[in-house]
Amino acid sequence: MNETSEFHQEPVNGEVGGAPASSEQKQALISEEINRRQFLTTMLGLTGSVIGLSLAVPLTGYALSPAMVKEKTEFVPVGSVTDFKAGEPIKVNYSFRKKDGWVDTEVKKTAWVVKKDDNNITVFSPNCTHLGCGYVWDAPSKQFKCPCHGAVFSMEGEVVAGPPPRPLDRFETKVADGKLLIGKLLEGEG
Amino acid sequence: MFAKAYDWLDERLNIKGQVKEILDHPVPPHVNWLYCFGGITFTLIMLQIVTGIFLVMYYVPSPDHAYASVEYISKEVTFGKLIRNMHRLGSSGVVVMVVVHLLRVYFHGAYKKPRELNWMVGVFLLMVVMGFGFTGYLLPWDQKAYWATVVGTKMAGSVPLMGEFIIKVARGGMDLGAVTLTRFFALHIWFLPAILLGMLGAHFFMIRKQGISGPM
Ligand code: HEM
Ligand code: FES
């Protein structure tokens, strides 16, 4: 089938220089040549693999580098404990500086703070757990309402009505020197 | 395993003949280690291309961010220091090897008929290699980079009559700035590589077509 390769005659011992060899010598040369060829092919493959590998490892690490950095969230202040009134959720704007690769940026965010008393403050993520719309506080009914698909959450963040699969997400909180701080976002459970 | 995969490919593409033709090229006996310099240069160039592609992953060609992004590569990216320094050292390596290669060709008289054309292509390759060095040197946007480019472009600007025009084209204005950085970047990563690869194609084609030059 594949005849082209058979037609291809390659000169065995180079074309240039040297007296014509006897057929015995030629035979010896051919077998030596083949051993040498195999040796060189193997060495070439080996060297190539070593070089390839010693390139592939650092390059892979380099490209995957961001995945190897542990994200750590630090607590950021969102206001004084006294800013908030019991039973009256307040939407707070807060900001913090964040290292974004080589850029130092100011990130602006919001959160809902719900205070029962000084020792019982919950801070909710401002995004509806359905598809992420921003919900609002409906004072008359004392419920959170989402304008997108009609979700209703209680003041505790539980789903009262609508499509959300879980209660509102909330932040880790702590109070220090009368300031309210929030940390990692915890997914609402239920 | 490889043999089997190769047979499979050959059955469909009938490539064994061509591959043999390309790889099993007889090398005349007078060829010795001195003939390796072109190949070494090419190997270094391939390394430059690979490491360069990876550097662009984090580098930003803007005065606000260039320096910080390079610093980020060196200090925070895994193996970033290694990749960056391979590219930096490699650039000097290419220049050194290309000159050694040129000297080999010169002292063997390998530039003589019928290889004059390949010598000329070689001269252009030399200029492209230096172009890479000049444009790449600016990219970290540190003091050394900035002033080296100020001086380099000013030299080009000392040409009578056309001086101001040349400076404006080279710097993208009278002063070194954002426009200089982006055009040097574009030259370094798109224009010069395209020219380089095209000319290397011509260089290698001619070597194959004419065969390596004979013994001295
Ligand atoms: C980008 C850089 C270059 C690369 C990658 C390169 C690569 C090569 C290679 C692989 C060869 C085969 C023989 C050998 O390696 O000695 C060769 C031959 C040749 N090169 Fe280059 N080259 C480059 C730049 C140059 C320069 C700057 C010149 C001269 C100005 C030049 C002139 C020649 C000539 C005339 C030959 C034929 C030599 C012969 O047949 O013996 N090359 N080149
Ligand atoms: S996003 Fe809030 S109900 Fe759909």
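An oxygen atom of ligand 1 has a polar side-chain atom of B:Arg104 2.7 Å away. This is a predicted model, in which local features need pLDDT of at least 70, side-chain atom pairs count only at pLDDT 80 or more, and totals for chains, interfaces and linings use all residues. Residues are numbered from 1 along each chain as its sequence is written, chains are lettered from A and ligands numbered from 1 in the order in which they are written, and side-chain values use heavy atoms, with hydrogens and water left out.

The shell around ligand 1 holds 26 residues, of which B:Tyr35, B:His101, B:Arg104, B:His203 and B:Ser213 come nearest; a residue is near if one of its heavy atoms lies within 4 Å.

| Residue atom | Ligand 1 atom | Distance |
|---|---|---|
| B:Tyr35, backbone N or O | oxygen | 2.8 Å |
| B:Arg104, polar side-chain atom | oxygen | 2.7 Å |
| B:His203, polar side-chain atom | nitrogen | 2.7 Å |

Helices α3 (37-55), α5 (80-107), α6 (116-138) and α9 (178-210) of chain B each supply at least two shell residues. Helices (H or I, at least four residues) and strands (E, at least two) are DSSP runs, numbered from the N terminus. The most comes from α6(B), with seven residues.

At the interface, 30 residues of chain B are in contact (heavy atoms within 4.5 Å) with 22 residues of chain A. The two chains bury about 2,300 Å² between them, 69% of it on carbon and sulfur atoms; buried area is the accessible area (1.4 Å probe) lost on putting two parts together, summed over both. On the chain B side, B:Phe54, B:Tyr58 and B:Thr78 lose the most area to chain A, together 20% of what that side buries.

Two salt bridges cross this interface, a salt bridge being a side-chain nitrogen of Lys or Arg within 4 Å of a carboxyl oxygen of Asp or Glu. One of them joins B:Glu76 and A:Lys99 at 3.0 Å, N to O.

Over all chains there is one disulfide, defined as a pair of cysteine sulfur atoms within 2.5 Å. The sulfur atoms of A:Cys133 and A:Cys148 are 1.9 Å apart. The torsion about their S-S bond is about -90°, so this disulfide is left-handed.

Definitions and conventions:
A polar contact is a pair of N or O atoms within 3.5 Å; within protein, one must be able to donate a hydrogen and the other to accept it, and residues adjacent in sequence count only if both atoms are side-chain atoms.
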